[in-house]
Amino acid sequence: MSKRILLTGGAGFIGSNLCEHFLQKGYKVRCLDNLSTGRMSNIQGLLEHPNFEFVEADIRDFEACVKAVQDCELVLHQAALGSVPRSIDRPLDTNAVNITGFLNVLWAATQEGVERFVYAASSSTYGDSKELPKVEDRIGNPMSPYAVTKLVNEQYAKVFGQMYGIKTIGLRYFNVFGRNQDPDGAYAAAIPKFVKAFLEHRSPEIHGDGEQTRDFTYIDNVLHANECALETENEEVFHEVYNVAFGERTSVNQIVKKLQLLLSEKDPEIAEVELKYAQARKGDVRDSLADIAKARRMLNYNPKISVLAGVERAIDWYWNDLK
Ligand code: NAD
């Protein structure tokens, strides 16, 4: 009998890719989402799948979480309000969803006796630490309300392991990109926003001088990390957090130029679009690079797709779906 996963935030960018991935692997998937930043179009193709269920509900509603987790052996918790700037504008909403909502899902999962609770943590937890590469047990002070919420998630997961024995694994994602990532709205992530601007022959707006670096992580590496976390038989992995990245640093300027080059092959006018530089954003870190040795060693995580290979793979989706 295949196991059932409760996948919160399953209509979002990462969640919808996880839904599809685990259905393909033969799991049953119950996707819970309130469609606040997620979109039905991300999961439209899955609705007819016999092993897929969609529950429209809010993780701030504890009873809804209890109901949703029933009969699920596994939880992949992705639902959250992402974006550092949104958390600066709307700290109360961010706290309610990312902390109270997280606690609701974790407590419901604990009471229901789930086998594993794997959750989306974040590289923002490294905060103002200047150390590179980032190693899991050396973090700085949070630089935004969003980062506070993600740090609190990790602390709750650890304490719940000690108090109730629930087996948790936190995956600290580093700047994920790829298909289904929303390019629209004030709080959209940088890569789809740049692409959308190029496709509309507008100048993409780069914050700061563009020389800030990130460990941009292609979505398929994230799917692989979640699969490792759900399926590993190593009992030592629980109650811990792991960096999920490719382990390479790329500047924003490099990625924008690569996107421009690849999109220009499809539409030569894009080569003429000029880049626009704006003020650096509050709460943003200057450089980020993951040490992925712990995930390699403990989870057998072995990311295959580099940032440039990922951009090449994503470009057709951007061209077909964002235009
Ligand atoms: P996303 O906004 O596309 O997905 C989040 C999903 O959660 C959306 O479908 C949204 O509708 C849903 N959601 C939000 N509030 C909810 C609520 N109250 N009840 C039920 N559902 C709710 O974002 P994403 O990029 O796919 O992020 C997924 C997870 O990964 C989040 O926890 C995020 O903090 C984390 N993360 C993402 C990145 C990244 O680079 N994208 C990096 C680090 C961590």
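**Figure 1. A salt bridge between Asp182 and Arg39 in the predicted model**. Asp182 forms a salt bridge with Arg39, and the closest N and O atoms of the two residues are 3.9 Å apart. The pair links distant parts of the chain, 143 residues apart. Asp182 belongs to the loop between strand S7 (176-177) and H6, while Arg39 belongs to the loop between S2 and strand S3 (52-56). Asp182 has a relative accessibility of 25% and therefore counts as partly exposed. Arg39, with a relative accessible area of 26%, is likewise partly exposed. In general, side chains of opposite charge can pair when their charged atoms come close. The structure as a whole holds 22 salt bridges.

**Figure 2. A salt bridge between Asp184 and Lys196, and the network that includes them**. The side chains of Asp184 and Lys196 meet in a salt bridge, with an N to O distance of 3.2 Å. Asp184 is partly exposed, at 43% relative accessibility. Lys196 is buried, because its relative accessible area of 17% falls under 20%. Asp184 and Lys196 are linked with Glu200 and Arg202 in a network of salt bridges.

**Figure 3. A salt bridge between Lys25 and Glu227**. The side chains of Lys25 and Glu227 meet at 3.1 Å, N to O. This pair also links distant parts of the chain, since the two residues are 202 residues apart. Lys25 is placed in the loop between H1 and strand S2 (28-33), and Glu227 is placed in helix H7. Lys25 is partly exposed, with a relative accessible area of 43%. Glu227 is buried, with a relative accessible area of 17%.

**Figure 4. The packing of helices H1 and H7**. Helix H1 (residues 13-24) packs against H7 at an angle of about 60°, and the axes of the two helices are 10 Å apart. That angle makes H1 oblique to H7. H1 passes H7 in a right-handed crossing. On the side of H1, the contact is made by Phe13, Ile14, Asn17, Leu18, His21 and Phe22. On the side of H7, the contact is made by Ile219, Val222, Leu223, Asn226, Glu227 and Leu230. Sorted by class, the residues of this contact are 8 nonpolar, 3 polar and 1 charged. Glu227 of H7, one of the residues in this contact, also takes part in the salt bridge with Lys25.

**Figure 5. A cis peptide bond between Leu132 and Pro133**. The peptide bond that joins Leu132 and Pro133 is cis, with omega at about -10°. Pro133 is situated in the loop between strand S5 (116-122) and helix H5 (145-164).

**Figure 6. Positive phi values at His201 and His239**. Phi of His201 is near 60°, a positive value in a residue other than glycine. His201 is found in the loop between helix H6 (190-199) and strand S8 (205-207), and His201 is partly exposed, with a relative accessible area of 37%. For His239, phi is near 65°, which is again a positive value in a residue other than glycine. His239 occupies the loop between helix H7 (219-231) and strand S11 (240-244). With a relative accessible area of 30%, His239 is partly exposed.

Terms used:
Residues are numbered from 1 along each chain as its sequence is written. This is a predicted model: local features need pLDDT of at least 70, side-chain atom pairs count only at pLDDT 80 or more; totals for chains, interfaces and linings use all residues. Side-chain values use heavy atoms; hydrogens and water are left out. Helices (H or I, at least four residues) and strands (E, at least two) are DSSP runs, numbered from the N terminus. Buried means under 20% relative accessible area, exposed over 50%, partly exposed in between (1.4 Å probe, protein chains only). Axes are lines fitted to C-alpha atoms, for helices over the stretch in contact, and angles run from 0 to 180 degrees between N-to-C directions. Angles under 35 degrees count as roughly parallel, over 145 as roughly antiparallel, 65 to 115 as roughly perpendicular and the rest as oblique. A crossing is left-handed if the near helix is turned anticlockwise from the far one by less than a right angle, and right-handed if clockwise. Contact means heavy atoms within 4.5 Å. Ala, Val, Leu, Ile, Met, Phe, Trp, Tyr, Cys and Pro count as nonpolar, Asp, Glu, Lys and Arg as charged, and the others, Gly among them, as polar. A salt bridge is a side-chain nitrogen of Lys or Arg within 4 Å of a carboxyl oxygen of Asp or Glu.
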